[in-house]
Amino acid sequence: MAKHIPFVYRKLDSQLANKIFGDSEVIRMPLQAGKMVRRSLPKRSKVWVDAGVDRYHWPDVANGKGMETGGDKLGQPSFQEKPETEIVDRFVAGVLDKCCELDADWVSVPQLPVVGNPSRNKVNRALASATAKWKAKAKFKGALILPVIVTHQDQANLKGQRDKHKALARQCFERSGADGYWVVDSSLADWIGSRTFEQRRFKALVSFHEELREGLSSGFSIGGPYWALNLILWARGLVEYPAVGVGARYQYLLPGGTAMSPKRRVALSSLRRPAIVSPGLEKWLRGLPRTPELKELRALLKDKHALRLDEAARAQVARFYKAWFDHLASVKPSGRALALFQDFSSAYVLGKSLDDLPSAEKTARRPERLAEQLMFFCMPSS
């Protein structure tokens, strides 16, 4: 079974997961997706159910729109400062029992996303302790996964904040009796080409994973979803499982927030990057020289469905991503980081020879931009 963990949110995701990621060892779904999505997941895969407690990060949920007993208290700053054990225990048992109703093999330890101050530390420790009580009472035999969610880049960029986040993660990991932990920076869209990525953010997030791996050495780790940083972490042996999107959602968005409608994207496979579908992209593709090394890119012009329909575009991206992962997985673990570096190096050289992509790509307009940023993080620094 493959080590990638697709993040499935709705029926279309599960359909693509069946067609393309059906060999996944584990698939993650939110509790709110319900029984219909659960029934449609690949039969051979374990299922990780997340109760979506991080949605209480948002004020509208915290002010009483939460659906779980005790949820109206959970998001209140006064309750976070002095959490009541009985309410926390009842809340945790309620949401985790519902996860088990979906035949969960793994469940997430309920946690609120950490912010830039310690205001949520007490309630997160209480939630972790309540999880351990629930596991013993429910006799749950599956795996517990501790979410470690970064909500602002400074939580990873600044060593002091990173240390505090790491210390809390260790406390909650030990209190809950978790088997593994999942780390994601919900503020990071690693395909947009921002200069701060290579200057600071990628290095800081890799360092956070290195430090967590040292502090939580008894547990397995999951990283992402991102477009490529998850694959870098996996290739370098810093996570056992890369979390992946299913043709879309290559950034983790906290549930309950306001999400913009995603732009239709296709994968430019030989450049190892996505691109926004537009008449400008088609014009760019038609203008490519008719050379053997560009044959794969020019073939996109024949895929009219991917260039016109959202579902077809998602399937095209998912097929590329699966093939990319399988290529890396075929390499011995000790050679994967180098193989990924070579992938990006080839994409960089090819992209340098091409004209700019359409202006909609903004800071990632140069075809080689993503490869240029990512290639040097594939290998451990000396």
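Visitor: Where is the place of Arg 39?

Guide: Arg 39 sits in helix α2, residues 34-39. Helices here are DSSP runs (H or I, at least four residues), numbered from the N terminus. The model is predicted: local features need pLDDT of at least 70, side-chain atom pairs count only at pLDDT 80 or more, and totals for chains, interfaces and linings use all residues. Residues are numbered from 1 along each chain as its sequence is written, and side-chain values use heavy atoms, with hydrogens and water left out.

Visitor: Why does Arg 39 count as exposed?

Guide: Its relative accessibility is 55%. Exposed means over 50% relative accessible area, buried under 20%, and partly exposed in between (1.4 Å probe, protein chains only). So Arg 39 counts as exposed.

Visitor: What makes Asp 163 and Lys 166 a salt bridge?

Guide: Their side chains meet at 3.9 Å, N to O. A salt bridge needs a side-chain nitrogen of Lys or Arg within 4 Å of a carboxyl oxygen of Asp or Glu, so this pair qualifies. Both residues lie in helix α9 (residues 159-176), three residues apart, about one turn of the helix. Asp 163 has 27% relative accessibility, so Asp 163 counts as partly exposed.

Visitor: How many salt bridges does a search of the whole structure find?

Guide: The search finds 23. One of them joins the side chains of Glu 198 and Arg 369, at 3.0 Å, N to O. Glu 198 lies in helix α10 (residues 195-215) and Arg 369 in helix α17 (residues 369-374), so the pair ties together parts 171 residues apart in sequence.

Visitor: Is Arg 369 buried or exposed?

Guide: Arg 369 is buried, because its relative accessible area is 7%.

Visitor: What is the distance between the closest N and O atoms of Arg 369 and Glu 372?

Guide: They are 3.2 Å apart, and the two residues form a salt bridge. Both lie in helix α17, three residues apart. Glu 372 is partly exposed, with a relative accessible area of 30%. Salt bridges that share partners join Arg 195, Glu 198, Arg 369 and Glu 372 into one network.

Conventions: Helices (H or I, at least four residues) and strands (E, at least two) are DSSP runs, numbered from the N terminus.
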